[in-house]
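Me: I've got a model open and want to go through it with you. Can we start with one buried spot and work outwards?

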Amino acid sequence: MWASLSLGAIVVVAVLEHIFVLVSHRKQRDITVEDKTGEVWVVANPTKPSDYDALRIQINAEVVRATGRPARWIETTVEDPGTGQTIEALRHKPALVIAAGGDGTVRAVAAGMAHSRVPMALLPIGTGNLLARNLGLPLSPKGAIRVALTPV
């Protein structure tokens, strides 16, 4: 039991560290999605929102408003909760990768993002969304995506 708790704590610290490093890196280099140098990729857990198609439409509208083109979407699977999909997205040199799902999806995406120097954002559409709550992020998809696409 202690080993599980310790591993969980390590994962949470690693995810938080990755997010804070990305935020500070983004500020230092003034990287914004508005630069339009890369695409926005969404690594999404399609089982979380009750209306996945409506969510995609809503998020794509916000991404188009901010960048001039829709997001590229890649879905998680039971076999791979997001790490492999994130690595695939990174091969395309994105401007931003968005983890769309719950805390499990966020952890898997953060693992794939390690050392990438690409900004990561959260789109909390899971059941708990503890990390998003603890970071004070909006829990609505529209609010969260606007924060993700706003230059720092």
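This is a predicted model: local features need pLDDT of at least 70, side-chain atom pairs count only at pLDDT 80 or more; totals for chains, interfaces and linings use all residues.

Me: OK. Which side chain does glutamate 62 meet in a salt bridge?

Reply: That of arginine 146, at 2.9 Å from N to O. A salt bridge here is a side-chain nitrogen of Lys or Arg within 4 Å of a carboxyl oxygen of Asp or Glu.

Me: Where do glutamate 62 and arginine 146 lie?

Reply: Glutamate 62 is in helix H2 and arginine 146 is in helix H6 (residues 141-149), so the pair ties together parts 84 residues apart in sequence. Helices (H or I, at least four residues) and strands (E, at least two) are DSSP runs, numbered from the N terminus.

Me: And arginine 146, buried or partly exposed?

Reply: Partly exposed, at 37% relative accessibility. Glu62 and Arg146 also belong to a network of salt bridges with Arg65.

Me: How many salt bridges are there by this rule?

Reply: Five. One of them joins glutamate 75 to arginine 56, with the closest N and O atoms 3.9 Å apart. Glutamate 75 sits in strand S2 and arginine 56 in helix H2 (residues 52-67), 19 residues apart.

Me: Switching to H2 itself. Which of its residues are buried?

Reply: Tyr52, Leu55, Ile59, Asn60, Glu62, Val63, Ala66 and Thr67. They cover an arc of only 165° around the axis, which puts them on the same side of H2. The arc is that of the directions from the helix axis to the C-beta atoms.

Me: Why would residues three or four places apart point the same way?

Reply: An α-helix has 3.6 residues a turn, so residues at that spacing line up.

Me: What do the buried residues of H2 pack against?

Reply: S1, S2, strand S4 (120-124) and H6. Contact means heavy atoms within 4.5 Å.

Me: Which exposed residues are on the face turned away?

Reply: Asp53, Ile57 and Arg65.

Me: Last one. What comes just after H2?

Reply: Glycine 68, with a positive phi of about 90°.

Terms used. Residues are numbered from 1 along each chain as its sequence is written. Side-chain values use heavy atoms; hydrogens and water are left out. Buried means under 20% relative accessible area, exposed over 50%, partly exposed in between (1.4 Å probe, protein chains only).
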